[in-house]
Amino acid sequence: MSARKPWILLVLASSSWAHAAQTDACGGIRLAQGTVQLGRPLGMEGASSPEDKACLAAVAQELARHEEVRGITVAVRVPDAQRAEGKALATARRIADELVTAGLPKERVFAVAPRAEDYEPPTIQIRYTERAPQNVVARVATVDGSVQLGPDEATLRPAEMGMPVQEGALVQTGIQGAVWLRLKDGSGFKLGPRGLMKVVQLQHGDDGVWHVRLELVRGELETSVKNAAAGSELEASTRVAVARGRSSFRLVVQEDGGARVESLDGRVTLGSRTRPDAQPVEVAAGQGARVGASGRMESPGALPRAPAPVGPLKGALPANHQLSWAPVDGAVRYRVELAQDADFTARLGTRLVDRATVHTLEPVPAAGKWFWRVSAVDDAGFVGPASKVHAFVVVP
(Lines give C-alpha, C1' and ligand atoms only; values in the text may rest on other atoms or scores of the structure.)
Protein backbone atom coordinates (compact mmCIF):
# COMPACT_ATOMS: atom_id res chain seq x y z
CA MET A 1 0.00 0.00 0.00
CA SER A 2 1.23 3.48 -0.82
CA ALA A 3 2.81 5.38 2.03
CA ARG A 4 1.46 8.66 0.76
CA LYS A 5 -0.61 10.43 3.37
CA PRO A 6 -4.07 11.52 2.22
CA TRP A 7 -5.85 14.80 2.39
CA ILE A 8 -8.62 14.60 4.97
CA LEU A 9 -11.99 15.70 3.63
CA LEU A 10 -15.22 15.71 5.62
CA VAL A 11 -18.02 16.11 3.09
CA LEU A 12 -21.42 17.44 4.23
CA ALA A 13 -24.17 15.40 2.63
CA SER A 14 -26.95 17.84 3.39
CA SER A 15 -27.20 21.46 4.51
CA SER A 16 -23.97 23.43 4.59
CA TRP A 17 -22.52 25.23 7.55
CA ALA A 18 -19.08 26.48 8.48
CA HIS A 19 -17.05 26.46 11.64
CA ALA A 20 -13.45 27.16 12.53
CA ALA A 21 -11.86 25.72 15.65
CA GLN A 22 -8.16 25.75 16.36
CA THR A 23 -7.50 22.27 17.70
CA ASP A 24 -3.87 21.50 18.47
CA ALA A 25 -4.34 17.77 17.93
CA CYS A 26 -5.24 18.30 14.27
CA GLY A 27 -3.18 21.40 13.68
CA GLY A 28 -6.51 23.19 13.38
CA ILE A 29 -9.97 22.12 12.16
CA ARG A 30 -11.80 24.24 9.61
CA LEU A 31 -15.31 23.66 8.28
CA ALA A 32 -15.97 25.82 5.24
CA GLN A 33 -18.19 25.55 2.17
CA GLY A 34 -19.30 22.02 2.98
CA THR A 35 -15.92 20.55 3.85
CA VAL A 36 -13.74 20.11 6.91
CA GLN A 37 -10.02 20.50 6.44
CA LEU A 38 -7.43 19.42 8.98
CA GLY A 39 -4.22 21.28 9.58
CA ARG A 40 -2.27 18.05 9.10
CA PRO A 41 -3.13 14.80 7.29
CA LEU A 42 -3.92 11.54 9.07
CA GLY A 43 -1.84 8.47 8.27
CA MET A 44 -3.31 5.87 5.91
CA GLU A 45 -2.67 3.22 8.55
CA GLY A 46 -5.66 4.77 10.31
CA ALA A 47 -5.69 5.94 13.92
CA SER A 48 -2.58 3.98 14.82
CA SER A 49 -0.61 6.85 16.34
CA PRO A 50 -1.43 8.80 19.52
CA GLU A 51 -1.51 12.00 17.43
CA ASP A 52 -4.12 10.59 15.04
CA LYS A 53 -6.22 9.28 17.93
CA ALA A 54 -6.21 12.72 19.55
CA CYS A 55 -7.16 14.36 16.26
CA LEU A 56 -10.07 11.98 15.66
CA ALA A 57 -11.28 12.62 19.20
CA ALA A 58 -11.37 16.33 18.38
CA VAL A 59 -13.28 15.63 15.15
CA ALA A 60 -15.78 13.50 17.08
CA GLN A 61 -16.32 16.27 19.61
CA GLU A 62 -16.92 18.73 16.80
CA LEU A 63 -19.56 16.49 15.20
CA ALA A 64 -21.19 15.67 18.54
CA ARG A 65 -21.75 19.36 19.27
CA HIS A 66 -24.31 19.53 16.48
CA GLU A 67 -27.54 17.75 17.35
CA GLU A 68 -28.69 17.77 13.72
CA VAL A 69 -25.92 15.36 12.66
CA ARG A 70 -27.30 11.83 12.08
CA GLY A 71 -25.45 9.18 10.03
CA ILE A 72 -21.63 9.34 9.77
CA THR A 73 -19.68 7.37 7.16
CA VAL A 74 -15.91 6.89 7.14
CA ALA A 75 -14.67 6.17 3.61
CA VAL A 76 -11.09 5.22 2.76
CA ARG A 77 -10.71 5.58 -1.00
CA VAL A 78 -7.86 3.66 -2.69
CA PRO A 79 -7.41 2.10 -6.17
CA ASP A 80 -8.68 -1.44 -6.80
CA ALA A 81 -5.23 -2.97 -6.46
CA GLN A 82 -5.06 -1.80 -2.86
CA ARG A 83 -8.73 -2.49 -2.06
CA ALA A 84 -8.21 -6.17 -2.84
CA GLU A 85 -5.93 -6.48 0.14
CA GLY A 86 -8.73 -5.44 2.48
CA LYS A 87 -6.53 -2.92 4.26
CA ALA A 88 -8.60 0.09 3.20
CA LEU A 89 -11.76 -1.26 4.83
CA ALA A 90 -9.79 -2.21 7.93
CA THR A 91 -8.45 1.35 8.11
CA ALA A 92 -11.95 2.79 7.75
CA ARG A 93 -13.19 0.55 10.55
CA ARG A 94 -10.35 1.59 12.85
CA ILE A 95 -11.17 5.23 12.27
CA ALA A 96 -14.88 4.60 12.80
CA ASP A 97 -14.14 2.73 16.03
CA GLU A 98 -12.00 5.64 17.20
CA LEU A 99 -14.86 8.08 16.57
CA VAL A 100 -17.20 5.83 18.56
CA THR A 101 -14.68 5.56 21.39
CA ALA A 102 -14.54 9.37 21.42
CA GLY A 103 -18.29 9.53 22.01
CA LEU A 104 -20.22 9.24 18.74
CA PRO A 105 -23.14 6.72 18.80
CA LYS A 106 -22.03 3.38 17.33
CA GLU A 107 -25.28 2.83 15.43
CA ARG A 108 -24.69 6.04 13.48
CA VAL A 109 -21.09 5.45 12.37
CA PHE A 110 -20.32 3.34 9.28
CA ALA A 111 -17.11 2.30 7.49
CA VAL A 112 -16.72 1.75 3.72
CA ALA A 113 -13.87 1.42 1.21
CA PRO A 114 -15.06 2.89 -2.13
CA ARG A 115 -12.99 2.58 -5.26
CA ALA A 116 -10.67 5.38 -6.39
CA GLU A 117 -9.25 5.84 -9.87
CA ASP A 118 -5.66 4.68 -10.38
CA TYR A 119 -4.48 8.27 -10.82
CA GLU A 120 -6.15 9.50 -7.61
CA PRO A 121 -4.20 9.68 -4.36
CA PRO A 122 -5.52 7.72 -1.37
CA THR A 123 -8.00 9.77 0.64
CA ILE A 124 -9.94 9.49 3.87
CA GLN A 125 -13.43 10.98 3.77
CA ILE A 126 -15.90 11.34 6.62
CA ARG A 127 -19.39 12.06 5.34
CA TYR A 128 -22.49 12.71 7.40
CA THR A 129 -26.15 13.51 6.98
CA GLU A 130 -28.20 15.99 8.94
CA ARG A 131 -31.79 16.12 9.96
CA ALA A 132 -33.49 19.45 9.44
CA PRO A 133 -33.66 21.31 12.77
CA GLN A 134 -37.21 21.71 14.01
CA ASN A 135 -36.76 25.20 15.41
CA VAL A 136 -35.22 27.02 12.45
CA VAL A 137 -36.67 30.54 12.39
CA ALA A 138 -34.43 32.16 9.78
CA ARG A 139 -31.57 31.62 7.36
CA VAL A 140 -28.55 33.74 6.62
CA ALA A 141 -29.27 35.65 3.41
CA THR A 142 -26.00 37.56 3.03
CA VAL A 143 -22.79 37.93 5.03
CA ASP A 144 -20.39 40.85 4.83
CA GLY A 145 -17.20 40.92 6.87
CA SER A 146 -16.89 39.18 10.22
CA VAL A 147 -20.17 37.54 11.30
CA GLN A 148 -20.65 34.72 13.80
CA LEU A 149 -23.63 32.85 15.16
CA GLY A 150 -24.33 30.03 17.59
CA PRO A 151 -26.37 28.96 20.60
CA ASP A 152 -24.21 31.01 23.01
CA GLU A 153 -21.15 33.26 23.01
CA ALA A 154 -18.84 30.35 23.85
CA THR A 155 -19.78 28.40 20.71
CA LEU A 156 -20.10 31.13 18.07
CA ARG A 157 -18.88 30.09 14.62
CA PRO A 158 -18.46 31.92 11.29
CA ALA A 159 -21.73 32.44 9.46
CA GLU A 160 -22.32 31.41 5.84
CA MET A 161 -25.04 32.14 3.34
CA GLY A 162 -27.90 29.69 3.75
CA MET A 163 -26.95 28.73 7.30
CA PRO A 164 -30.01 28.00 9.48
CA VAL A 165 -30.70 30.21 12.50
CA GLN A 166 -32.55 28.51 15.34
CA GLU A 167 -34.61 29.91 18.18
CA GLY A 168 -32.37 31.32 20.87
CA ALA A 169 -29.39 31.76 18.53
CA LEU A 170 -26.94 34.62 19.02
CA VAL A 171 -25.74 36.65 16.03
CA GLN A 172 -22.61 38.79 16.33
CA THR A 173 -20.92 41.13 13.86
CA GLY A 174 -17.39 42.52 13.85
CA ILE A 175 -16.16 46.08 13.47
CA GLN A 176 -16.98 46.12 9.75
CA GLY A 177 -19.38 43.17 9.68
CA ALA A 178 -23.03 43.06 8.67
CA VAL A 179 -25.54 40.27 8.10
CA TRP A 180 -29.00 39.96 6.58
CA LEU A 181 -31.28 37.23 7.94
CA ARG A 182 -34.44 36.11 6.16
CA LEU A 183 -37.23 34.76 8.38
CA LYS A 184 -39.80 32.10 7.57
CA ASP A 185 -42.57 34.67 7.28
CA GLY A 186 -40.67 36.46 4.50
CA SER A 187 -39.53 39.41 6.57
CA GLY A 188 -35.87 40.16 7.11
CA PHE A 189 -33.51 42.20 9.20
CA LYS A 190 -29.96 43.47 9.05
CA LEU A 191 -27.57 43.61 11.98
CA GLY A 192 -24.93 46.27 11.44
CA PRO A 193 -21.30 46.50 12.60
CA ARG A 194 -20.34 45.73 16.20
CA GLY A 195 -23.75 44.21 16.81
CA LEU A 196 -25.00 41.42 19.06
CA MET A 197 -28.54 40.13 19.01
CA LYS A 198 -30.62 37.11 19.97
CA VAL A 199 -33.31 35.55 17.80
CA VAL A 200 -35.82 34.74 20.51
CA GLN A 201 -38.88 33.37 18.80
CA LEU A 202 -40.92 32.99 15.62
CA GLN A 203 -44.48 31.77 16.10
CA HIS A 204 -47.45 31.34 13.82
CA GLY A 205 -50.29 32.26 16.12
CA ASP A 206 -53.88 31.02 16.22
CA ASP A 207 -54.82 34.34 14.65
CA GLY A 208 -52.84 33.38 11.54
CA VAL A 209 -50.23 36.06 12.19
CA TRP A 210 -46.48 35.47 12.40
CA HIS A 211 -45.02 36.88 15.62
CA VAL A 212 -41.26 37.56 15.60
CA ARG A 213 -39.27 38.42 18.75
CA LEU A 214 -35.69 39.69 18.70
CA GLU A 215 -33.40 41.02 21.43
CA LEU A 216 -30.76 43.59 20.49
CA VAL A 217 -27.85 43.69 22.94
CA ARG A 218 -25.74 46.21 21.06
CA GLY A 219 -25.48 47.82 17.65
CA GLU A 220 -28.12 48.69 15.08
CA LEU A 221 -30.94 46.51 13.78
CA GLU A 222 -32.91 47.38 10.64
CA THR A 223 -36.05 45.44 9.77
CA SER A 224 -37.65 44.89 6.37
CA VAL A 225 -41.24 43.72 5.91
CA LYS A 226 -41.65 44.30 2.17
CA ASN A 227 -41.81 40.52 1.53
CA ALA A 228 -43.42 39.54 4.83
CA ALA A 229 -46.63 37.55 5.11
CA ALA A 230 -49.73 39.66 5.61
CA GLY A 231 -50.11 40.73 9.22
CA SER A 232 -46.63 39.71 10.36
CA GLU A 233 -45.73 41.47 13.60
CA LEU A 234 -42.17 42.06 14.74
CA GLU A 235 -41.05 42.84 18.27
CA ALA A 236 -37.48 43.98 18.87
CA SER A 237 -36.28 44.87 22.35
CA THR A 238 -33.21 46.20 24.14
CA ARG A 239 -32.43 46.37 27.85
CA VAL A 240 -34.64 49.45 28.23
CA ALA A 241 -36.97 49.56 25.24
CA VAL A 242 -39.33 47.44 23.17
CA ALA A 243 -40.50 48.29 19.64
CA ARG A 244 -43.43 46.56 17.94
CA GLY A 245 -44.72 47.04 14.46
CA ARG A 246 -45.77 45.67 11.11
CA SER A 247 -43.54 48.04 9.19
CA SER A 248 -39.84 48.64 8.58
CA PHE A 249 -37.85 50.42 11.28
CA ARG A 250 -34.42 50.77 12.83
CA LEU A 251 -33.66 50.03 16.49
CA VAL A 252 -30.37 51.27 17.90
CA VAL A 253 -28.66 50.66 21.25
CA GLN A 254 -26.88 53.90 22.15
CA GLU A 255 -23.54 54.20 23.88
CA ASP A 256 -25.19 55.57 27.02
CA GLY A 257 -27.39 52.45 27.32
CA GLY A 258 -30.51 54.09 25.96
CA ALA A 259 -32.26 53.12 22.74
CA ARG A 260 -33.86 54.87 19.81
CA VAL A 261 -36.24 53.81 17.07
CA GLU A 262 -36.56 55.30 13.60
CA SER A 263 -39.77 54.45 11.74
CA LEU A 264 -39.19 54.14 8.00
CA ASP A 265 -42.52 53.31 6.36
CA GLY A 266 -45.26 52.77 8.95
CA ARG A 267 -46.26 53.01 12.58
CA VAL A 268 -44.14 51.54 15.35
CA THR A 269 -45.12 51.30 19.02
CA LEU A 270 -42.26 52.12 21.38
CA GLY A 271 -42.42 51.25 25.08
CA SER A 272 -40.18 51.21 28.14
CA ARG A 273 -39.12 47.85 29.60
CA THR A 274 -37.84 49.25 32.89
CA ARG A 275 -40.82 51.55 33.49
CA PRO A 276 -43.90 49.43 32.73
CA ASP A 277 -46.16 52.23 33.96
CA ALA A 278 -44.89 54.54 31.20
CA GLN A 279 -47.38 55.00 28.37
CA PRO A 280 -46.09 53.59 25.03
CA VAL A 281 -45.87 56.05 22.15
CA GLU A 282 -46.84 55.67 18.52
CA VAL A 283 -43.97 56.54 16.17
CA ALA A 284 -45.27 57.38 12.70
CA ALA A 285 -43.39 56.92 9.45
CA GLY A 286 -40.66 59.53 9.20
CA GLN A 287 -40.46 59.97 12.96
CA GLY A 288 -38.01 58.87 15.64
CA ALA A 289 -38.29 58.43 19.40
CA ARG A 290 -35.99 57.49 22.23
CA VAL A 291 -36.00 55.65 25.57
CA GLY A 292 -33.27 56.90 27.93
CA ALA A 293 -30.89 54.67 29.85
CA SER A 294 -33.17 55.07 32.89
CA GLY A 295 -36.20 53.92 30.90
CA ARG A 296 -37.72 57.38 30.52
CA MET A 297 -39.74 57.84 27.33
CA GLU A 298 -39.28 60.79 25.01
CA SER A 299 -41.88 62.14 22.60
CA PRO A 300 -41.53 61.34 18.89
CA GLY A 301 -40.04 63.92 16.55
CA ALA A 302 -39.53 64.28 12.82
CA LEU A 303 -36.54 62.58 11.28
CA PRO A 304 -34.34 64.52 8.86
CA ARG A 305 -35.62 64.19 5.31
CA ALA A 306 -33.84 62.10 2.70
CA PRO A 307 -31.07 63.95 0.85
CA ALA A 308 -31.20 64.42 -2.92
CA PRO A 309 -28.09 62.93 -4.61
CA VAL A 310 -26.32 65.26 -7.05
CA GLY A 311 -23.82 62.89 -8.60
CA PRO A 312 -22.79 60.53 -9.90
CA LEU A 313 -26.28 59.36 -10.82
CA LYS A 314 -25.03 56.88 -13.42
CA GLY A 315 -22.04 56.19 -15.60
CA ALA A 316 -18.41 56.25 -14.54
CA LEU A 317 -17.10 57.45 -11.20
CA PRO A 318 -15.84 61.03 -11.69
CA ALA A 319 -12.14 61.64 -11.90
CA ASN A 320 -12.22 63.37 -8.50
CA HIS A 321 -13.75 60.19 -6.99
CA GLN A 322 -16.46 62.24 -5.25
CA LEU A 323 -20.08 61.58 -4.32
CA SER A 324 -22.22 64.66 -3.69
CA TRP A 325 -25.73 65.52 -2.54
CA ALA A 326 -27.91 68.53 -1.66
CA PRO A 327 -27.87 69.75 1.96
CA VAL A 328 -30.69 68.86 4.38
CA ASP A 329 -32.03 71.30 6.98
CA GLY A 330 -31.07 70.26 10.50
CA ALA A 331 -28.44 67.73 9.40
CA VAL A 332 -25.12 67.82 11.25
CA ARG A 333 -23.64 64.87 9.41
CA TYR A 334 -24.49 62.40 6.64
CA ARG A 335 -24.26 58.64 6.43
CA VAL A 336 -22.98 57.45 3.06
CA GLU A 337 -23.50 53.78 2.14
CA LEU A 338 -21.78 51.92 -0.67
CA ALA A 339 -22.51 48.37 -1.85
CA GLN A 340 -22.25 46.05 -4.84
CA ASP A 341 -25.98 45.38 -4.99
CA ALA A 342 -29.03 47.65 -4.99
CA ASP A 343 -30.36 46.04 -1.78
CA PHE A 344 -27.16 47.01 0.07
CA THR A 345 -26.31 43.53 1.30
CA ALA A 346 -23.02 42.83 -0.51
CA ARG A 347 -19.65 44.46 0.29
CA LEU A 348 -21.43 47.10 2.34
CA GLY A 349 -19.39 50.12 3.41
CA THR A 350 -20.60 53.01 5.57
CA ARG A 351 -18.98 56.40 6.20
CA LEU A 352 -20.08 59.35 8.35
CA VAL A 353 -19.40 62.76 6.84
CA ASP A 354 -19.55 65.80 9.14
CA ARG A 355 -21.71 68.56 7.63
CA ALA A 356 -20.06 68.46 4.19
CA THR A 357 -22.21 67.39 1.25
CA VAL A 358 -19.31 65.86 -0.65
CA HIS A 359 -17.48 62.63 0.08
CA THR A 360 -14.28 61.55 -1.64
CA LEU A 361 -13.89 57.79 -1.99
CA GLU A 362 -10.49 56.89 -0.57
CA PRO A 363 -9.38 54.33 -1.45
CA VAL A 364 -11.25 53.99 -4.72
CA PRO A 365 -13.47 50.88 -4.74
CA ALA A 366 -12.53 47.86 -6.81
CA ALA A 367 -13.41 47.82 -10.50
CA GLY A 368 -17.07 47.13 -11.25
CA LYS A 369 -20.53 48.52 -10.61
CA TRP A 370 -21.27 50.13 -7.24
CA PHE A 371 -24.48 51.45 -5.70
CA TRP A 372 -24.66 54.35 -3.26
CA ARG A 373 -27.15 56.22 -1.11
CA VAL A 374 -26.99 58.81 1.65
CA SER A 375 -28.99 59.59 4.81
CA ALA A 376 -29.03 62.71 6.97
CA VAL A 377 -28.24 62.60 10.72
CA ASP A 378 -29.50 65.29 13.12
CA ASP A 379 -27.85 66.64 16.28
CA ALA A 380 -29.72 64.10 18.45
CA GLY A 381 -28.23 61.20 16.48
CA PHE A 382 -31.42 60.24 14.62
CA VAL A 383 -30.86 58.95 11.08
CA GLY A 384 -33.47 59.76 8.48
CA PRO A 385 -34.60 57.67 5.51
CA ALA A 386 -32.08 56.95 2.78
CA SER A 387 -31.99 58.78 -0.51
CA LYS A 388 -32.82 57.20 -3.82
CA VAL A 389 -30.23 54.63 -4.87
CA HIS A 390 -27.83 55.51 -7.68
CA ALA A 391 -24.96 53.64 -9.26
CA PHE A 392 -21.57 54.32 -10.80
CA VAL A 393 -18.92 52.20 -12.49
CA VAL A 394 -15.26 52.01 -11.55
CA VAL A 395 -13.27 51.33 -14.70
CA PRO A 396 -10.20 49.05 -14.32
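Visitor: Is Arg335 buried or exposed?
Guide: This is a predicted model, where local features need pLDDT of at least 70, side-chain atom pairs count only at pLDDT 80 or more, and totals for chains, interfaces and linings use all residues. Residues are numbered from 1 along each chain as its sequence is written, and side-chain values use heavy atoms, with hydrogens and water left out. Buried means under 20% relative accessible area, exposed over 50%, partly exposed in between (1.4 Å probe, protein chains only). Arg335 has a relative accessible area of 11%, so it is buried.

Visitor: Which residue forms a salt bridge with Arg335?
Guide: A salt bridge is a side-chain nitrogen of Lys or Arg within 4 Å of a carboxyl oxygen of Asp or Glu. For Arg335, the closest N and O atoms of the pair are 3.1 Å apart. The partner is Glu220.

Visitor: How many residues apart are Arg335 and Glu220?
Guide: Strands are DSSP runs (E, at least two residues), as are helices (H or I, at least four), numbered from the N terminus. Arg335 lies in strand β28 and Glu220 in strand β17 (residues 220-224). The pair links distant parts of the chain, 115 residues apart.

Visitor: What is the relative accessibility of Glu337, the salt-bridge partner of Lys190?
Guide: The side chains of Lys190 and Glu337 meet at 3.9 Å, N to O. Lys190 sits in strand β14 (residues 188-191) and Glu337 in strand β28 (residues 331-339), 147 residues apart. Lys190 counts as buried at 7%. Glu337 also counts as buried, at 5%.

Visitor: Which residue lies over the face of Phe344?
Guide: A charge sits over a ring if NZ of Lys or CZ of Arg is within 6 Å of the ring centre and within 35 degrees of the ring normal. Here the distance from the ring centre is 3.9 Å. The residue is Arg373.

Visitor: What length does helix α1 reach from its first C-alpha to its last?
Guide: Helix α1 (residues 50-64) has 15 residues. The expected span of a helix is 1.5 Å times one less than its number of residues. For α1 that expectation is 21 Å, and the helix comes close to it. Its reach is 21 Å.

Visitor: How many residues are in the second, separate core?
Guide: A nonpolar core is a set of buried Ala, Val, Leu, Ile, Met, Phe, Trp, Tyr and Cys residues joined through side-chain atoms within 4.5 Å. The largest has 37 residues, and Leu181 is among those that touch the most other members. The second core includes Cys55 and Val59, both buried in α1. Its size is 26 residues.

Visitor: Where is Ser248 found?
Guide: Ser248 counts as buried, at 8% relative accessibility. Leaving aside neighbours within four places in sequence, its contacts (heavy atoms within 4.5 Å) include Thr223, Ser263 and Asp265. Ser248 is found in the loop between β19 (241-245) and β20 (249-253).

Visitor: What distance separates the C-alpha atoms of Arg139 and Glu160?
Guide: Arg139 is found in strand β8 (residues 136-144). Arg139 is partly exposed, at 36%. Arg139 and Glu160 are 21 residues apart along the chain. Their C-alpha atoms are separated by 9.4 Å.
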